[in-house]
Structures are given as structure tokens and as C-alpha cells.
Amino acid sequence: MSLDSLFKPRSIAVYGASATDSRKLGNTLLSNAANGAGDVVAVHPDAAAIDGIPAVAKLDRRIDLALISVPDKRVEAAVADAAAAGAGAAIVLSSGFGETGAAGRVVQDRLVTIARSAGMRLVGPNCMGVVSHLGGDRWLNGSYFWRIPNTAGGLSFVSQSGAFGGMFFAHMRASGLGLSRFLSVGNSADIGITDALEWLGDDAQTSAIGMFVEGIGDGRRFVDVARTITPRKPVVVLKAGKMAAGAKAAASHTGSMAGSHAAIRAGLRRAGVIEAADTEAFFDAMDAAAVGLRKKPARNIAIVTISGGPSVLAADAAERAGLALPTLGRATIDRLRGLVPAFAALGNPIDLTPQCPIDNFIPAIEAIYADAAIEGIVAINCGLDMKPFGTGVARGVAATGKPTAAFVLDAPGVEAEMAGAGVLRFASPERAVNALASGA
Amino acid sequence: MKTLSEWESKRRLADLPYPREALTGSREEAERFVSALGKPVVAKASGVAHKTEGGLVRFGVTASTVGPIWDQLAAAGDGKVLLAEQVAAELELIVGGYRDPSFGPLVTIGIGGIAAEIFGDVVALLAPPEPGEVANAVAQLSGRKLLQGIRGGPPVDIDALARVVDTVARLLVEDPSVAEVDCNPVMVCQGAPMVVDALVVLADHASA
């Protein structure tokens, strides 16, 4: 099923911009849409133009994507107008439908009927819209978000919550990682997360997928779709509502003990989807997936540091996460002995010490990367801004491709070297370890 | 919802490993069974759920004591008494199954015993399980080390446990009228799982 007209529209119609008050949400949507995608027209009963964009009373041409942000009572007419003109897809951002109760649900079902009988796909209602990188510096912002990142990359994200979409964009701005597609599915009257996942699985521009999930209505289909994707592209899920009490008064012990989250967890496990425990773990695992930390699972890791205490915290986290900290090979240790101070601890964590001669950081770290017993590296540097520490990590990654996660504090030179090599830095030693473990 | 008796439930799950047992209709029949077995048995009332909580399970019953116990349990239940070989277990597990409206039939594996509800150490998997999924699920349990052998004892035979899980899964997958299954406890004796009690719950109306 193609969602091309949703993610790669060449022409857009916007319903719901005000001709007299450009502070309305519909006007934000119109200016967002006009700011990137090609051909944009506003649909308005009597204006000839809105905020400098031409307007028509009824849609008079085929378009790829209709963005609908009119008051709930006028949504049905707008959907019918877009469907009659032959729109490929419509996103209803307006609220006041299935989420409000049975009466809203009836109207919502009518929207689906209108769309399906015209062969038009429907997103929403009650959603935040779509964001998509169209190639080069061209972006589609068919959303209410007025600030979206403009760094292109391989990560795509699907959300059942509009507000979590805002948290996602804030995280993307902070991480600097690149975005491919974003979709807020809202009430999922027609297109749900499984449909979006299926399309993203085949999207050449998408290399990793994050999802915020409140419920999965088509569990078995989700599993069937996801398991065809996860061998090629990591899929990371944050499920909200894990603790919701099992409402069923089960006669069996197992049914009630397993809880309401057990079924989704079972499905995600079979599908090879990574499930994150909370927001922090989700963004860490998603970032790790986006930079390809999962391509080579690492169970045997080395913690390379000049900072004692934080590296012990990292070692604790590694044990909790089921990662092993093997001893380095004899040849590696002999090589390190010639490079680092005699008092350096060459177990694992490997503490090169701040007294390590600056010229020796690069060969020492390269030697650790080259050790056959080590599959992944956690690099920790608190406040010793000696650039070669970062260079050693960068060269190790370049030479071996071993998955690497870092915790760097107050060492901008080191951090810049790592960033240049695509090494992710995390907010604590434990989170660096957990991100690496999410791929193991 | 209709809960089948233990005896009926076990007939629906005929492929599971059970202790030697008999559903007895009279004192005389009970005495003959215990004498022939030559060792103590567990006596359980029939046609009643949550028998342990109701004091309707008696251990260490012999040929000479079975008579009066039989009368009490028969009166408390449906007039019959289930007698079973008493097994010595190093570990208790729970295996079950139920249906999720979105994900369909699921099977569960959990650590059993008197604190089972307190620890809630249960993992679910989609039914029927695929090869390797039972072993992976067991590795998700907090108490997974209990299954690796207690105090030098043998580890749980995971293949045999997988066969128990498969049998429960097959009933749920093949019979849409089955809403829930509960094998509790599954006693592990010298590594081998043995289903001591089983419960099958039927839905009021057959549903997927």
C-alpha cells in the first residue's frame, strides 16, 4: 500500500486557514506547508488569497495531500471536497471525533467511508500531521509544529501521541541527528501505525524507525509486518500504559499475573522490535539505532577511560545489562604497558589515566579497538580535554567499525573528534552502556 | 465463562505429563487405587476451583486413611475424588494460556509456589511458540536461575517444558471456545516437568 502521496507530495491543499486572523493554527499549518513543498493552495469559502498564498472556494484540481484543520463540524465537508477532487491522501488534524465518544466515532467512521470510496488515504483525525524530507534541502512540514529540525538523515518516527511528537522534535534538535519522516497518526481511523511502519520498511530513505505506542489494535499484523523489517532496519518502540491494571478478572493465575502489557511485549519480542522502558531509554536506543550501533551486536565490551568513578558506574551498568567485560589479550596488554603509566589499571575498565603521555592516547586506544576479544567500546572522559583521546576513538571506529558509545564531560575537543566520527555521546556513563546494550 | 473440572480439563490436555491418577467414584475404588499404587497419594475434591484455598487438597493419604477423607472430599465436591501419586518437586512452575483481543492466543510461563502472585514472575509468548521461543522466554524470567538447577540439582528439561507449553498453545489455537488454560502447579521432579493440576476455562460464546 503506497503512502507516497502522504510522505512525498508534490501538491498540497490546506483547509482551515483564516483570512482575517493569521494567528490561527490553520494559518501555522498553511505557512508551514508553503515553506518547502512545491505547489500549495488554500481552500477557503471567500478569500482569494491567505497570507500571500492563493485560495480557492472548492478544490478544483488533483492534489497529492490535503491538510485539514477546520472546526470539527466542517471536517466532513472538507474531506468530501478533497476526495471529490481526487486527493491521494488527507490528514485531518482537527479534534472532536472518536476520542470524544460514540457520537464522534460515528462521524469519524463517515470520514473513513468517504475517503475509502474515493481511494483516498486518511490520517487522523486528532493528530499533529506529517513532516518529511523531500530530498536536498526541501522539506514537507504538514504539521502544527512551527519548529522542525532541518537536518536530513535516516531516522523516521511514528507517534500515536501528538504531544510526544513535540518531545521527539525537541530531542532531535538537541541530538543533531538527521530525520527522514515523521507521522502523527492520531485516532488512526484509516492509517494506523502498522500501515506507516510497512511503508517506512520499504522507504529507501529510512534506515531506522522509532515509534511511540499507546495501543496496537492489529497485533498479529503488526508482528508480521515488523518482523520483515527488523532484520534490515532497527525498530524501537516506547509503549505507554504498561502498568494499566489487567481489567479482566481472570480465572487463571497466569492470565491475571501476566498483566495487560504481556501480549504487546510478546509480540514485540517475536518481531525483533527493541522495546524501551522509558523516555530516556527510548531516545538513547533510538539514537543508537539511527547511527547504526545495532549493525554489529556487541556483547563483549571494553570501557576505555581516564576517569575512575564514572567508569565503575559504567561497569555496573554493563553487568546489569548482561554485557561482559573481558580481559584484553596478552599482546594488547603488552602493547599498552609500553604506552601508559605503570600505575594505569589495564583490567576492564581500562583506565589510561590522565597522566598518560598525550601522544600515546591514539596508539593505546587503537590497540584496544584492535583486540579480537572486544566487540564494542564505551569511551568515558570527564574533563580531560586532550584531543588525541577523541582521535584515538575516531580512528578505532574507522579502522574496525566496532560499535561505540561515549560519555564526555567538559571536553569539547574530545567531543568534536568523536562527533566527527559519528560516535554518539550520552548524558551519563550508564546511558552510554545501555545504548550499546540495546543493540546486543 | 465455564470452568471445567480438573479431570475434564486434563482430558482436554491429554498429551501433558501427569502423575498416575484416578477419578474415584467410591471409597472402595479409592482404597483399591491407593493399595495398587503402593505409596501415599494426594486426594483432591472434584469439580471445585481453588481447592488449596478451600482446604480440599490432602497430602500423604494412604490405603488405611483414605476412607474418611474420601467421604469429606466427595461431599465438598461433585461426589467424586481425584487421587494422584504424590510427587516430590524441587521447583514449581505455572504454565498457562489466554487470549488477547489484539494479539490472539498467548501462552505464559511463570515461577510458581506460594509467592507466585507476589513476585508476578511471568512471561508471555505468542501462541503457538516458534522454535527457540520457550528457551528465550525462560531467560526473561527474574527467577531464571531457579531453572538452571537448584543446589547442584538437575536443570529443568527445557525441551520437555516446551512440549507442555506447546500442548497448551495447541488447545488455544485449535479450539476457539477455550478462553484460558492454567497448569498450576507444574512440579519439576529431577528436571522433568509434571502437571499436577490443570484448569480449562471455556468462553460463553466461541470467539477468536
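**Figure 1. Contact between chain A and chain B in the predicted model.** In this predicted model, 20 residues of chain A are in contact with 26 residues of chain B. Three helices of chain A each give two or more residues to the side that touches chain B: H7 (219-229), H8 (253-258) and H9 (262-271). H9(A) provides the largest share, six residues. By class, this side of chain A holds nine nonpolar, seven polar and four charged residues.

**Figure 2. Chain A and its domains.** The centres of domain 2 and domain 3 of chain A, taken over C-alpha atoms, are 32 Å apart. Six residues of domain 2 of chain A are in contact with six residues of domain 3 of chain A. On the domain 2 side, three of the touching residues are nonpolar, none is polar and three are charged. Chain A as a whole has 16 helices and 19 strands. Its C-alpha trace spans about 80 × 60 × 30 Å along the principal axes. Of its 440 residues, 55% count as buried. Among contacts in chain A between residues at least 6 apart in sequence, 72% join residues at least 24 apart.

**Figure 3. An open sheet of seven strands in chain A.** The strand order is E9-E8-E11-E10-E12-E13-E14 (chain A), and the pairing is mixed. Strand E9 (138-143) and strand E14 (274-276) of chain A stand at the edges; each has a single partner strand, so one side of each lacks a neighbour in the sheet. From one strand to the next, the twist averages 20°.

**Figure 4. Strands E12 and E13 of chain A, with helix H10 of chain A.** Strand E12 (residues 208-213) and strand E13 (residues 235-239) of chain A are parallel and share five bridges. Within this pair, Gly210(A) lies opposite Val236(A) of E13(A). Helix H10 (residues 279-290) of chain A packs on the sheet. H10 of chain A touches strand E10 (152-159), E12, E13 and E14 of chain A. The direction of H10 makes about 170° with that of E13(A).

**Figure 5. Nonpolar cores.** The largest nonpolar core has 195 residues, of which Val14(A), Ile68(A) and Ala90(A) touch the most other members. Helix H6 (residues 158-174) of chain B gives the largest share of this core, eight residues. Apart from this core lies another, of 17 residues; among them are Leu23(B), Ala74(B), Leu82(B) and Ala84(B). Not counting residues up to four places away in sequence, Ala90(A) touches Ala66(A), Ile68(A), Val79(A), Ala82(A), Ala115(A), Met120(A) and Leu122(A).

**Figure 6. Strand E9 of chain B and its partners.** Strand E9 (residues 178-189) of chain B is mostly covered, with 11 of its 12 residues buried. Strand E6 (residues 91-100) of chain B runs antiparallel to E9(B), joined by six bridges. Here Gly96(B) has Asp182(B) of E9(B) as its bridge partner. Strand E11 (residues 198-202) of chain B is also antiparallel to E9(B), over five bridges. In that pair, Val178(B) has Leu202(B) of E11(B) as its bridge partner.

**Figure 7. The hairpin of E9(B) and E10(B).** E9(B) pairs with strand E10 (residues 192-195) of chain B in the antiparallel sense, through four bridges. Val188(B) is opposite Pro193(B) in E10(B). Two residues lie between the strands of this hairpin. In the turn, Gln190(B) has a positive phi of about 50°.

Definitions and conventions:
Residues numbered from 1 in each chain as written. Chains lettered and ligands numbered in written order. Predicted model: local features only at pLDDT ≥ 70, side-chain atom pairs only at ≥ 80, totals over all residues. Domains from an automatic or database assignment. Contact = placed C-beta atoms within 7 Å. Nonpolar A, V, L, I, M, F, W, Y, C, P; charged D, E, K, R; others polar. Pairing = 2+ DSSP bridges. Axes fitted to C-alpha atoms, helices over the stretch in contact; angles between N-to-C directions. Buried ≥ 20, exposed ≤ 12 C-beta atoms within 10 Å, placed from the backbone. Core = buried A, V, L, I, M, F, W, Y, C linked by C-beta atoms within 7 Å.
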